[in-house]
Amino acid sequence: MFDAKIPAGPLNSKWEDYKGHCKLVNPANKRNLEVIIIGTGLAGASAAASLGELGYKVKAFCFQDSPRRAHSIAAQGGINAAKNYQNDGDSVFRLFYDTVKGGDYRAREANVHRLAEVSGNIIDQCVAQGVPFAREYGGLLSNRSFGGTQVQRTFYAAGQTGQQLLLGAYSALERQVALGNVKMYNRHEMLDIVKIDGKARGIIARDLITGELERHFGHAVLICSGGYGNVFFLSTNAMGSNVTAAWKATKNGAYFANPCFTQIHPTCIPVSGDHQSKLTLMSESLRNDGRIWVPKKQNDTRKASDIPEEERDYYLERRYPAFGNLVPRDVASRAAKERCDAGYGVGTSKQAVYLDFAAAIERYGNIEVGKRQMTNVSKEDIIKLGKEVVAEKYGNLFDMYAKITGENPYELPMRIYPAVHYTMGGLWVDYELGTTVPGLYSLGEANFSDHGANRLGASALMQGLADGYFVIPYTVGNYLADEIRTKAIPTDHPAFVEAENKVKETINKFMTIKGSKSVDFFHKKLGKIMWDKCGMARNEKGLKEAIEEIKALRAEFWKEVRVPGSADEFNPELEKAGRVADFLELGELMCIDALNRRESCGGHFREESQTDEGEAQRDDVNFSYVAAWEYKGDGQYELHKEPLEFVECKPTQRSYK
Amino acid sequence: MNLTLKVWRQKNKNDQGRFETLQAKNISSEMSFLEMFDVVNEGLINEGKEPIAFDHDCREGICGMCSMHINGRAHGPWDGTTTCQLHMRAFKDGDTITVEPWRAGAFPVIKDLTVDRSAFDRIIEAGGYISVNTGNAQDANCIPVDKTKADLAFAAAACIGCGACVAACKNSSAMLFVSAKVSQLALLPQGHPEKQSRALNMVAQMDKEGFGSCTNTGACEAECPKEISLTNIARLNREFIGAGLSSEK
């Protein structure tokens, strides 16, 4: 049951070997095999398109009004691939190595190597689909660098890379819809998994417009529902991003791995007040050109422009000279928190640091002057030319910042602060992306496998598309080959009836509590507990308190929540109630996991485990494992450990100095 | 600040619908427009009333889900901005704000400010893609693409499919949306083999969905939150006419 199914043999031939030996399904049989896909982000849309092309009967579900809205669309910076187009020493091995190291040696080597192997195919596929990546004047693709690496391997489309990749996958998906290979269910939410004889055989979904519950059969079910960052209420996730599909899988026997591994992204627009509903990311790509600093003096209230150069502390460049502003996200986030906690923060809240483009604007201006062979150029003209270059690279991000804050980042440095962005944890999956429930798979951010304890920038898009385009078409076939004799099970089977009744009961409960507090009230309270006690820094005392507080909050929720309207209509509050109910359970598990892991690694910083210099201190002797949690009833979880073996990348204390 | 809202309320697609006047109190100028709606909805829930249903998701101007017609303008008073990015700095104390759903026959109302935009998906199904199966691609740098064209393709591809162009158009035409996709793919060498059938099929589907004709008033470009250029419509017309004259049936 708990076997990672990693193929034998040397690391760089495992995937080739797997592909050469996995079972195949003949085209006539594919037509009779049904696959259900939950979520239409990069992982879900690419899987739906690819499996549809292969001839499987695919049903894809999304809660939004169109598959194109999935939150992959908001990814800004880029996608990594080991193409080595820049001739700067990149290779499959190096991308693999950077990803394992960046993940602080808590990812599975075999999965990461496969990811690096297929990374180049992803770029080829996307270009063939018409994804308009940034190009150089010679017509070839352009690259930029991202945190945690020393090569330029990130492909991008201005600050809208996720949008362009998702629209590519969405086009491919809609093409299959037109061909009749994929049936799309927009505005549908999966509310339970149906298991028959221990295998995943379908789902219960709610039509969000009519409120009707529907039963859908599938020979396999793929959970591609993204991450659970919204457990913090405030995050860079979309308002609707949720853990419900993954959580229902957990409650049906799929293990949930490393839930405490949360990525706090260093460069987001700071919170402005209690009304705040979400946080907005400013792409990490900005750290290519922006310099991060705080005043050298504590509680300095001067405007940024009034603080002379020698009174500024470029603390990342000072502390990490080798990587400077391009240290990995976990390191950059903690450093910002450390500076602000020590009293060097800027802005009215003092919970912010500066991200300054003045030097980059001048540098680019001078390059333009050289390129155009201009002479006697005034400082103003240099700045003007530099601003044009910066606008081409980051224009949409600068506009976004200006709209939200009312400040012009071409003139003033941006104020930024870390915010919850991505979750490395997720459903435990084996090498084939299968969960511990046969027939139930998980792809993209919803699974746990490739990023360890910290994801490097521009790796999420790569993983989502790798799973959907290049991995699942092989691995799900290996399972379905044994299912060709299974006829579609009629949805009046008792297992479907029972699952639907369970969902109905829960909905009924929401509607009849008629308490005194809105769903958001509970969500915000949960978010505050999580941020304060299971956020950027964690300790035993805080986590124990958090677990008790969450239990109490959950009890109060089920007594006091108020869901207006009725269940048989379009009712966004009812949708939210279901999602928050699941977050209230997941939050507790995250704290349990964080409490168990008495080491610091990647995004998980246990205050009890740090070096003399205040850097994260890993404990490979005791914690070099994946923590996979099995649901055993309300608030009860059993820990299963998958030991991690490192053959090619020997763990070392990460140093970016 | 305190504001008066006149909001369209409609229980479902069969209901006739009406404006309801509501008060939004103690609104901070730092809030986004949708955060102001969150506050109003919280108040309605606490009073035991039904909150206003509206579409929204990413709240950072990219998913295209939010869709409010504010004081007669799609996505409100700021140019190049989605409803979710509009901030309350745009209004002043005592203002009355009228909020309606997108008004177009091809976008029927689901509830209050929420409309059904599945017609856009069906237009994409008709040809808004390049027919390339997974695994068939050659190396990405095999075909160099003129940077100017690649940039134009990107500018067209920035469309978020929100439907503001349709809502802003007196004819409820979807030409800007359709032309953005046709342009993106026609500008790139990868999109060439299917460019004629794509233009013909997408336009045919657009007509079938009940969107109106284009009379070149340019309201779509003016209201587009991503500032998609009207030149895309010129390019679509060129592609469409060219295809009509020369495509082999």
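Among contacts in chain A between residues at least 6 apart in sequence, what percentage join residues at least 24 apart? The share is 73%. Two residues are in contact here if their C-beta atoms, placed from the backbone, lie within 7 Å. This is a predicted model, in which local features need pLDDT of at least 70, side-chain atom pairs count only at pLDDT 80 or more, and totals for chains, interfaces and linings use all residues. Residues are numbered from 1 along each chain as its sequence is written, while chains are lettered from A and ligands numbered from 1 in the order in which they are written.

Start with chain A. Chain A has 17 helices and 19 strands. Both kinds of element are DSSP runs numbered from the N terminus: helices are H or I with at least four residues, strands are E with at least two. The C-alpha atoms of chain A fill a box of roughly 80 × 55 × 50 Å along the principal axes. Of the 657 residues of chain A, 60% count as buried. A residue is buried if 20 or more other C-beta atoms lie within 10 Å of its own, exposed if 12 or fewer, and partly exposed in between, with C-beta atoms placed from the backbone.

One helix pair in chain A deserves a look. Helix α14 (residues 519-533) and helix α16 (residues 572-596) of chain A have axes 9 Å apart and pack at an angle of about 25 degrees. Axes are lines fitted to C-alpha atoms, for helices over the stretch in contact, and angles run from 0 to 180 degrees between N-to-C directions. α14(A) and α16(A) are therefore roughly parallel. Angles under 35 degrees count as roughly parallel, over 145 as roughly antiparallel, 65 to 115 as roughly perpendicular and the rest as oblique. On the α14(A) side, the contact includes A:F522 and A:L526; on the α16(A) side, it includes A:V580 and A:F583. The contact residues divide into 8 nonpolar, 2 polar and 2 charged. Ala, Val, Leu, Ile, Met, Phe, Trp, Tyr, Cys and Pro count as nonpolar, Asp, Glu, Lys and Arg as charged, and the others, Gly among them, as polar.

Most residues other than glycine have a negative phi. A:Y105 is not a glycine, yet has a positive phi of about 55 degrees. A:Y105 lies in the loop between α4 (92-102) and α5 (109-129) of chain A. With 23 C-beta neighbours inside 10 Å, A:Y105 counts as buried. A:N376, also not a glycine, has a positive phi of about 50 degrees. The loop between α10 (358-371) and α11 (379-405) of chain A holds A:N376. A:N376 has 5 C-beta neighbours inside 10 Å, so this residue counts as exposed.

Now turn to chain B. Chain B has 8 helices and 7 strands. Its C-alpha atoms fill a box of roughly 60 × 35 × 35 Å along the principal axes. Of the 249 residues in chain B, 53% are buried.

Where do the chains meet? 67 residues of chain B are in contact with 65 residues of chain A. On the chain B side, α1 (33-46), β6 (109-111), α2 (118-125), α3 (147-157) and α5 (175-187) each supply at least two residues. α1(B) gives the most, with 7 residues. The chain B side divides into 28 nonpolar, 22 polar and 17 charged residues.

Follow α2(B) inward. 6 of the 8 residues of α2(B) are buried, so this helix is largely enclosed by the rest of the structure. Residues including B:L152 and B:A156 in α3(B) meet residues including B:A180 and B:L187 in α5(B).
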